[in-house]
Every structure is written in structure tokens, then in C-alpha cells.
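Visitor: I'm new to this one, and I'd like to know what's behind each label you use. Please show it to me, and then I'll start asking.

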Amino acid sequence: MSATTTRNKYRPTSALPCLALFAISLAPPGAEAEITASVALTSDYVWRGFSRSGGDIALQGQVDWQHAGGLYLGAFASTLDLAAAYGSGYRPYGDSGTADLEFVPYVGYSWGIDTNWRVEAQLSHYLFDDELLGGSAGYQELYLVVHFRDLLSAEFAVAPDAYDQNAATLNLQLNARYPVSDAWTVSGGGGWFAASDALGADYLHWHAGLSWRHRYGGVDLRYFGAALRDATLRRPPPANGEFVLTLTVGF
């Protein structure tokens, strides 16, 4: 089905109950579970090297259910300004407007191989409140992440039909973190986002920052950079040389 075909809009509120029933049915009986939630205010919503909020402030929220046996599920939501990010006259987004809200329910499983290594697999479903690239643009992405002592992680993420464009995207990324103290952590990483068929660009992206954590939230100051392979392609502006401040309150 082409991206310009009219589709029914997704209803994000109907996605989580299905995921919850799926997770509960797989959870080992009698095992413990934990629910966490957070609300964040960030000076810019930077995702894989470019701004999804057009360089403006974004309000975000997340809820997560983690089972002691390794199963987890949750949802992430954020305000967007893709009209500013891509330009309101960018033809592929159509004439009716662009999305102002992103909602991402997800479900995953974490395997502890030994005391040092852990493997995590996750399925995320991206939902938007308005059109993207001429259609509803809801799509799935599969993640496989290998962790070493919560200090290093390697991520492989593929979206077989990104933005409903009949084209795949691939993200390969390495991240590292080091706890300086109980409250302070330095972290950084970089990756390669191959999205030329779906979004018109392949590029490198990286980040580095300092985080302060409290039992009720935290503060993160992070530097973002990106290097596009072909500067002539139309795309959202990369967050290159940008510092982003994020304030988070946890529950």
C-alpha cells in the first residue's frame, strides 16, 4: 500500500491493553514486578542526530512495567514540531499538517547471560496524531541490544517499513556510561543511521553528556552532533553542535 493512501488514524490508547495482556500471559507466576513512571521537559527532542521538535522545547512522559523474570512493557510519549523540523512547505508531508504528538508503546525481554553480560530484545510501535510523509506513518521497529555491566551497550535496530514508506531503516549504535559517583554519571555514544530509502539520508550521529540523578528525578546536559553523507538532500536539520538540557521527575 502506498504512502499516499488514506488510512484510519491509530488510537494509541487501544494499544497498551493488548500489550499488557500479552505480557501478563507470559510472566512467570508469583514473580515480582516493578512499575516506574517519569515526566521530562527537554530543551530539544533530539532523536538519532536530528531534532524532532524543530529546536524547541518538548514535553515527554514514560511509564514502564518491569517483571523480575525479564519481561517488560511500557509507553513513551513526546510533543513534536515536525513542521518546523522539516519545513511546513515540504511536499511529502501533505497539505493537512504534520504530527504534534508521538506515542510509542513497547514490549521487550531482557536475558541475563551471566554477571557481566545481558541481552535485550524489544518491539516498539510508533504512533503519530497526524500525517507524516502523506500517510498515518505508524510503523514498528525491532531492537536487539547487548549490555556489558551497564557500562557498555551495542544496539541494532531495524524498522522493516519505516514511516510506512515501503523502505527499511537501520540504526547501529554504541553507548558507554561511567558512574563518577552515586549521583553523577558521564555517558556518550555514536551510531550510523541508514535511512536513505525512507527519509533521504544516511548519516553518523553522536552524543556526550553529564547526568545528575536523584531518587525523584534528575538533570541531564548533553551535546549532540551529526554528519550527513549528502548535504543536498532535503531532511530535518541535524542537531550538530547543540547542547540540550533535560529535567526529569520520576514516580
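**Rings, strands and neighbours**

Guide: Let's begin with rings: the count comes to twelve aromatic pairs, where rings of Phe, Tyr and Trp (its six-membered ring) pair if their centres lie within 6.5 Å, with planes under 30 degrees apart called stacked, over 60 edge-to-face and the rest tilted. One of them joins Trp-47 and Tyr-126, with 6.5 Å centre to centre and 70° between the planes.

Visitor: Why is the pair of Trp-47 and Tyr-126 called edge-to-face?

Guide: Set the angle against the rule: the planes are 70° apart, and anything over 60 degrees counts as edge-to-face. Trp-47 sits in strand β2 (residues 46-47) and Tyr-126 in strand β7, so this pair ties together parts that are 79 residues apart in sequence.

Visitor: What sort of model am I looking at?

Guide: It's a predicted one, where local features need pLDDT of at least 70 and side-chain atom pairs count only at pLDDT 80 or more, while totals for chains, interfaces and linings use all residues. Residues are numbered from 1 along each chain as its sequence is written, and side-chain values use heavy atoms, with hydrogens and water left out.

Visitor: Is Trp-47 buried or exposed, and how do you know?

Guide: Its relative accessible area is 12%, and buried means under 20%, exposed over 50%, partly exposed in between (1.4 Å probe, protein chains only). So Trp-47 is buried. Tyr-126 is buried too, at 5%.

Visitor: What makes the pair of Tyr-72 and Tyr-106 tilted?

Guide: Their planes stand at 55° and their ring centres are 6.2 Å apart, so the pair is tilted. Tyr-72 belongs to strand β5 and Tyr-106 to strand β6 (residues 101-112), so the pair ties together parts 34 residues apart in sequence. Tyr-72 has a relative accessibility of 4%, so it counts as buried. Tyr-106, at 6%, counts as buried as well.

Visitor: Which residues do ring pairs link into a cluster?

Guide: Trp-47, Phe-50, Tyr-126, Phe-128, Tyr-139, Tyr-163, Phe-193 and Tyr-203.

Visitor: What makes a group of residues a nonpolar core?

Guide: Its members are buried Ala, Val, Leu, Ile, Met, Phe, Trp, Tyr and Cys residues joined through side-chain atoms within 4.5 Å. Here the largest such core has 24 residues, and Trp-47, Tyr-126, Phe-128, Tyr-139 and Tyr-163 touch the most other members. Elements giving two or more residues to this core include β7 (117-128), β8 (139-148), β9 (152-159) and α3 (196-199). Across the chain, buried residues make up 42% of the 251 residues.

Visitor: How many helices and strands does the chain have?

Guide: Three helices and 14 strands, taken as DSSP runs numbered from the N terminus: helices are H or I with at least four residues, strands E with at least two.

Visitor: How do you know that β10 and β11 pair?

Guide: Two strands pair if DSSP finds at least two bridges between them. Strand β10 (residues 169-179) and strand β11 (residues 184-195) have ten, in the antiparallel sense, so they pass the test. The two form a hairpin with four residues between them. Asn-175 of this pairing stands opposite Gly-189 in β11.

Visitor: What is the bridge partner of Gly-189 in β12?

Guide: His-207. β11 and strand β12 (residues 201-214) run antiparallel, joined by twelve bridges.

Visitor: Which other strands pair like this?

Guide: Among them, β6 and β7 pair antiparallel over nine bridges, with Val-107 partnered by Leu-123 in β7.

Visitor: Which strands run around the closed barrel?

Guide: The barrel has twelve strands, β1-β4-β5-β6-β7-β8-β9-β10-β11-β12-β13-β14, with antiparallel pairing.

Visitor: Which residues does Ser-38 touch?

Guide: Leaving aside residues up to four places away in sequence, Ser-38 touches Gln-60, Gly-61, Gln-62, Thr-248, Val-249, Gly-250 and Phe-251; contact means heavy atoms within 4.5 Å. The C-alpha atoms of Ser-38 and Val-63 are separated by 6.6 Å, though these residues are 25 apart along the chain.
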